[in-house]
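Welcome, and please take a moment to turn the model around before reading on. We will walk through it together, one region at a time.

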Amino acid sequence: MKLCFKKYWITFLVFNSVTTSDLIGMFNYKQKCEKITSDICVKNINSVRYNSTKFPNLLNHRSQHEANVELAQFSPLVKVGCSPHLAQFLCAVYIPLCMEKYDKLIPPCQELCMKSKGGCSSLMERYGFIWPSVLDCDNFPKQDNNSTLCIGVSEKIVKPSPGTNDLKGEWHSAKENEVVNLKCSKEKVIEIRKIRHSKSSSCCTKASQSVISAICDGKKNCKLTVTSSILGGHCNGAVGDLSIRYKCVSQSKVKACNKDDKS
């Protein structure tokens with residue numbers, strides 16, 4: 001299959017002076033959330049996973065219309081599917097997630113950028129284009145950075161020290177064969193609160209919660225690969241997507257609960 005760029009004007013804007021600190025400095029605009037209208041983001045909502053945005057964005061575009069003029073230039077790459085993560089990454093940059101009661105912009109994680117670039121940069125070079133410097137992966141925070149919120153590959157949002165203050169409504173999701181990374185900071189440990197499986201899964205929710213609780217409860221960090229070998233035979237091989245809600249609690253509380261369970 002040949003990829004033809006002749007039908008598209010691809011004139012990437014390059015900002016050589018953009019640095020991570022420049023991007024971080026743009027995170028504090030207070031704007032109302034608005035519905036996403038960008039064609040790329042709407043058509044790839046299953047990977048983007050949000051439908052509200054706000055501006056200015058990370059590149060200081062002032063409106064969806066202004067951002068979409070540049071974003072639309074990536075349409076050939078998204079359509080050809082050079083990377084399954086490309087639409088998620090581009091939308092995180094150009095059409096950023098808007099969360100109520102959270103004023104800062106949430107950038108994509110560096111790992112999400114690298115997976116997008118890794119799949120598409122060689123194809124771009126074959127046709128005489130280069131990955132724009134404004135999208136250099138070094139501009140974005142690493143997924144394990146404990147000071148910056150970012151949108152990761154396997155989870156909807158990767159939070160620094162998740163659950164230390166409020167995790168009542170926070171779900172962490174991953175698809176089959178992806179890794180869920182749960183973390184707590186300071187003197188707190190993980191307490192699993194609830195589990196959800198997608199409709200395509202044949203897993204028993206209660207059984208999965210018991211397994212995950214047994215593995216993760218009482219730990220500061222817990223990594224799980226979403227597979228039937230981890231969750232158990234009750235899944236019958238059809239695991240599907242998994243969502244976990246947990247809270248970081250004091251270690252003494254977990255010990256007290258475990259003691260009560262034994263009695």
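Helices (H or I, at least four residues) and strands (E, at least two) are DSSP runs, numbered from the N terminus. This is a predicted model, in which local features need pLDDT of at least 70 and side-chain atom pairs count only at pLDDT 80 or more, while totals for chains, interfaces and linings use all residues. Residues are numbered from 1 along each chain as its sequence is written, and side-chain values use heavy atoms, with hydrogens and water left out.

Let us begin with the whole. The protein has ten helices and seven strands. Of its 263 residues, 46% are buried; buried means under 20% relative accessible area, exposed over 50%, and partly exposed in between (1.4 Å probe, protein chains only). Contact here means heavy atoms within 4.5 Å. Among the contacts with a separation of 6 or more, 74% are between residues 24 or more positions apart.

Now find helix H6, residues 86-94. Nine of its nine residues are buried, so H6 is largely enclosed by the rest of the structure. Running along the helix, these are Leu86, Ala87, Gln88, Phe89, Leu90, Cys91, Ala92, Val93 and Tyr94. And what covers them? The cover includes helix H2 (39-43), helix H3 (45-48), helix H4 (64-71), helix H5 (75-80) and helix H7 (110-126).

A nonpolar core is a set of buried Ala, Val, Leu, Ile, Met, Phe, Trp, Tyr and Cys residues joined through side-chain atoms within 4.5 Å. In soluble globular proteins, nonpolar side chains tend to be buried together. The largest core here has 39 residues, of which Tyr50, Leu86, Phe89, Leu90, Tyr94, Ile95 and Leu135 touch the most other members. H2, H4, H5, H6 and H7 are the elements that give two or more residues to this core, and the largest share, eight residues, comes from H6. For a closer look, pick Leu86: leaving aside residues up to four places away in sequence, Leu86 touches Leu77, Val78, Ser116, Cys120 and Trp131.

Next, look at how H6 meets H7. The two helices pack at an angle of about 125°, with their axes 9 Å apart. That makes H6 oblique to H7. Axes are lines fitted to C-alpha atoms, for helices over the stretch in contact, and angles run from 0 to 180 degrees between N-to-C directions; those under 35 degrees count as roughly parallel, over 145 as roughly antiparallel, 65 to 115 as roughly perpendicular and the rest as oblique. Leu86, Gln88 and Phe89 of H6 make the contact with Leu112, Cys113, Ser116 and Cys120 of H7.

Three strands form an open sheet in the order E3-E7-E5, with antiparallel pairing; two strands pair if DSSP finds at least two bridges between them. E3 and E5 stand at the edges, each with a single partner strand, so one side of each is left without a neighbour in the sheet. On average, neighbouring strands of this sheet are turned by 30° against each other, direction ignored. Helix H8 (residues 205-216) packs on the sheet and touches E5 and E7, its direction making about 160° with that of E5.

You can trace the pairing residue by residue. Three bridges join E3 (residues 172-174) to E7 (residues 242-250), and Ser173 has Ser243 as its bridge partner in E7. Nine bridges join E5 (residues 188-197) to E7. In E7, Glu191 has the bridge partner Lys247, and Ile195 has Ile244.

Finally, some backbone details. Most residues other than glycine have a negative phi, and most peptide bonds are trans. Against that background, which peptide bond is cis, with omega near 5°? The bond runs from Phe55 to Pro56, and Pro56 lies in the loop between strand E2 (52-53) and H4. Arg49, in the loop between H3 and E2, has a positive phi of about 70° although it is not a glycine. With a relative accessible area of 22%, Arg49 is partly exposed. Asn177 has a positive phi near 75° and sits in the loop between E3 and strand E4 (179-183). At 57% relative accessibility, Asn177 counts as exposed.
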